Amino acid sequence: MSEKTPRLRGALDGIPSYKPGRSAPAGGSKVYKLSSNENPYPPLPGVLEVMTAGTADANRYPDATCAALFAELANRFEVPVEHLATGTGSVGVAQQLVQCTAEPGDEVIYAWRSFEAYPIITQISGATSVQVPLTADEEHDLDAMADAVTDRTRLVFVCNPNNPTGVAIPRPALERFLDRVPDDVVVVLDEAYREFVRDERVVDGIELYRERPNVVVLRTFSKAYGLAGLRVGFAVAHEPVAAALRKTALPFGVSQVAQDAAVASLRSEDALRERVEALVAERARVSRELIAQGWTVPESQANFVWLRLGGRTLDFTAACERAGVLVRPFAGEGLRVTVGETEANDIFLQTAGAFRKSEY
Ligand code: PMP
């Protein structure tokens, strides 16, 4: 056997691994998964039928051009088909965006803490992450982010609302920030949770994209649309970014079942909207009760809430697990809990109340 080992890119050394939210163990008593910001509702009946029927053609490759999905999206969002790109979840499109813009020596700016894929996909490209801490109010520090732009900056992620804090950026602040970023730097408005936003001060990124050629909007079918398992997300971007995204797309990366289910979901938006409304109402209830228990809860515009527990994070996580709910801890920082089924939210709230009392 040769002594030599395969040569791998040095950029991969020390890449943090993506930690998915824990899944419920098989068997045993009921455990609720509130750790991955999934939708607790199964696919709508009509969508499920489309998916089931589609599996019969699994011996065929999908439509590599995603023509039917692009046509539906173009119509729904009133954007040209040429401004659309899909990928294996919006995280796949986010990775392509970094690949399209940043090389070794280039910089990618984002708030921290934010979506944990950003450091990973940045490092895979060999680029350098510039992490700008959130403010004490868990908000994006957009002034500091604009100040951090250098001539090496190629891309800025703005996660709106932010994962894991749920806090969203009001329109004037975002516009002021965009005015300060040079036109040749791509700004990605990651709107994975857009459909849960109810604060009217928060602008729909697609409006901003229309006037600003360097703005890219990322959306997904994983959250409000409840299709996380199918892996389909998309970007809305002007040329030449959209064309670059199409060049870097993994051929046949989005399965036909995913494309068909996404189209069927877009056509069932009224039924989906009802489910999203129910989750938004649950979000309000969870936040209200936590505040009544004495917790500090940043106002969430997403399908999760954030508790900054610092050194108590893992103890509280363990208490939740003993009670039958899996949450997403960030050790030493805080905990994100997805708004799920009513009974799961009830268990979480009871656990939070008991934990709080045990501390005093
Ligand atoms: N962006 C944000 C902010 C997210 O929280 C997530 C999922 N956790 C994604 C993108 C990626 O979602 P998906 O790849 O399922 O579209």
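R76 lies over the face of F77, 4.6 Å from the ring centre. R336 does likewise with F304: its charged end sits over that ring. A charge counts as over a ring if NZ of Lys or CZ of Arg is within 6 Å of the ring centre and within 35 degrees of the ring normal. Here are the two pairs:

| Charged residue | Ring | Distance to ring centre |
|---|---|---|
| R76 | F77 | 4.6 Å |
| R336 | F304 | 5.9 Å |

Keep in mind that this is a predicted model, where local features need pLDDT of at least 70 and side-chain atom pairs count only at pLDDT 80 or more, while totals for chains, interfaces and linings use all residues. Numbering runs from 1 along each chain as its sequence is written, and side-chain values use heavy atoms, with hydrogens and water left out.

Now for rings meeting rings. The whole structure has 14 aromatic pairs. One of them is F115 with Y118, edge-to-face at 5.5 Å centre to centre and 85° between the planes. (Rings of Phe, Tyr and Trp, the last by its six-membered ring, pair if their centres lie within 6.5 Å; planes under 30 degrees apart are stacked, over 60 edge-to-face, the rest tilted.) F115 is buried at 16% relative accessible area, and Y118 is buried at 0%. Buried means under 20%, exposed over 50%, partly exposed in between, with a 1.4 Å probe and protein chains only.

Leaving aside neighbours within four places in sequence, S222 is in contact (heavy atoms within 4.5 Å) with L227, A228, R231 and V232.
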